[in-house]
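Subject: The structure we spoke about

Dear colleague,

Here is the structure that I promised to pass on to you, and below it I have set out what was found in it. Please keep the 3D view open while you read, and look up each residue as it comes.

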Amino acid sequence: MMGGALRANSPEAILAAALFMLAAFVSILIHELGHAITGLRLGGGRAAIALTPFGGLAFNQGCRFDRTQRFWMIAAGPGAGFAFFVLLVAVLCLLFDSSDVLGLVGGILFDIPFDFRSSELLSLLREKPFVYLVLNHLLWINFWWGIINLLPVLPLDGGQIADLFVRPQRRVFLLGVIAAGAMAVLGFLWLHSLYVAVLFGYLAWRNYQNMREVRWP
Ligand SMILES: [Zn+2]
């Protein structure tokens with residue numbers, strides 16, 4: 001759905017949607033491995049990862065973390081994605097002209113127009129459009145999903161970090177309502193994405209429901 005499979009009406013478009021799924025699968029797995037491996041290193045029990053249609057979950061069995069340990073375990077998910085992003089860019093910089101690579105990354109992430117200085121990277125992307133597509137998705141997902149996931153909205157990682165430090169818990173849900181509501185409006189008006197609007201509208205509503213259920217102490 002997110003990779004354009006619903007509109008795919010040619011073999012190329014179906015392959016493109018499959019490549020999006022591959023890039024998303026790899027990216028979510030890296031994110032969850034960041035949580036799980038950090039949990040293990042902090043002395044957590046057997047780690048498990050569940051991949052779900054809208055993301056994933058990592059948990060350790062039979063252990064209790066203190067607040068600092070929980071913080072590092074939560075931060076390690078987005079951290080693993082950002083580290084993978086930096087690694088990808090670094091490898092590309094080793095293989096190709098680095099100003100071309102940075103121009104390409106700026107174009108993918110922020111729509112900044114640029115001209116290629118040398119032809120090596122450009123000709124690779126022209127000759128192998130599917131390499132470009134996978135690269136595009138891997139860079140985009142590991143950067144933007146990482147940023148969005150850090151918004152203070154439960155159950156996103158940013159919301160879980162807020163839940164460690166903000167008390168009473170009603171304030172965490174209030175923060176979630178505001179941030180998710182703002183993201184839904186921004187997604188609809190600025191990004192023109194119905195998907196972002198619906199997802200964050202739903203999260204805002206869930207946080208509002210939770211806010212009403214918990215009582216002020
Ligand atoms: Zn996470």
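A place to begin is Val-198, which lies in helix 8. Please bear in mind throughout that this is a predicted model. Val-198 has a relative accessible area of 52%, and since the cut-off for exposed is over 50%, this residue counts as exposed. Val-198 also belongs to a nonpolar surface patch of about 870 Å², which it makes together with Val-185, Leu-186, Phe-188, Leu-189, Trp-190, Leu-191 and Leu-194. Two elements, helix 7 (169-189) and helix 8 (194-213), each give two or more residues to this patch, and helix 7 gives the most, with 4 residues.

Which residues of the largest nonpolar core touch the most other members? This core has 23 residues, and the ones in question are Phe-85, Val-101, Val-105 and Leu-139. At least two residues of the core are supplied by each of helix 1 (11-41), helix 2 (67-95), helix 3 (98-110), helix 4 (120-127) and helix 5 (129-149), while the largest share, 6 residues, comes from helix 2. If you select Leu-139 and leave out residues up to four places away in sequence, you will find that it touches Phe-85, Leu-88, Val-89, Val-105, Ile-108 and Leu-109.

Helix 3 deserves a careful look of its own. It has 13 residues and reaches 18 Å from its first C-alpha to its last, which is close to the 18 Å expected at 1.5 Å a residue. Its buried residues are Asp-100, Val-101, Gly-103, Leu-104, Val-105, Gly-106, Gly-107, Ile-108 and Leu-109, and the buried residues of this helix pack against helix 2, helix 4 and helix 5. After helix 3 comes Asp-111, whose phi is positive, near 60 degrees.

How many salt bridges does the structure hold? There are 2 of them. In one, Arg-117 pairs with Asp-97, the closest N and O atoms being 3.3 Å apart. Because Arg-117 lies in the loop between helix 3 and helix 4, and Asp-97 in the loop between helix 2 and helix 3, this pair ties together parts that are 20 residues apart in sequence. Arg-117 counts as exposed, at 65% relative accessibility. A salt bridge also joins the side chains of Asp-163 and Arg-167, again with 3.3 Å from N to O.

Last, please find Leu-150, in the loop between helix 5 and helix 6 (157-165). Is this residue exposed, partly exposed or buried? At 37% relative accessibility, Leu-150 counts as partly exposed. Leaving aside neighbours within four places in sequence, Leu-150 is in contact with Pro-78, Phe-82, Gly-158 and Ile-161. Gly-3, by contrast, is 147 residues away from Leu-150 in sequence, and the two lie 22 Å apart in space, C-alpha to C-alpha.

With best wishes

Notes. Residues are numbered from 1 along each chain as its sequence is written. This is a predicted model: local features need pLDDT of at least 70, side-chain atom pairs count only at pLDDT 80 or more; totals for chains, interfaces and linings use all residues. Side-chain values use heavy atoms; hydrogens and water are left out. Patches are made of residues with over 30% relative accessible area and no salt bridge: like charges are joined within 9 Å, nonpolar side chains (Val, Leu, Ile, Met, Phe, Trp, Tyr) within 5 Å. Accessible areas come from the Shrake-Rupley method with a 1.4 Å probe; for residues, only the protein chains shown count as cover. A salt bridge is a side-chain nitrogen of Lys or Arg within 4 Å of a carboxyl oxygen of Asp or Glu. Buried means under 20% relative accessible area, exposed over 50%, partly exposed in between (1.4 Å probe, protein chains only). A nonpolar core is a set of buried Ala, Val, Leu, Ile, Met, Phe, Trp, Tyr and Cys residues joined through side-chain atoms within 4.5 Å. Contact means heavy atoms within 4.5 Å. The expected span of a helix is 1.5 Å times one less than its number of residues.
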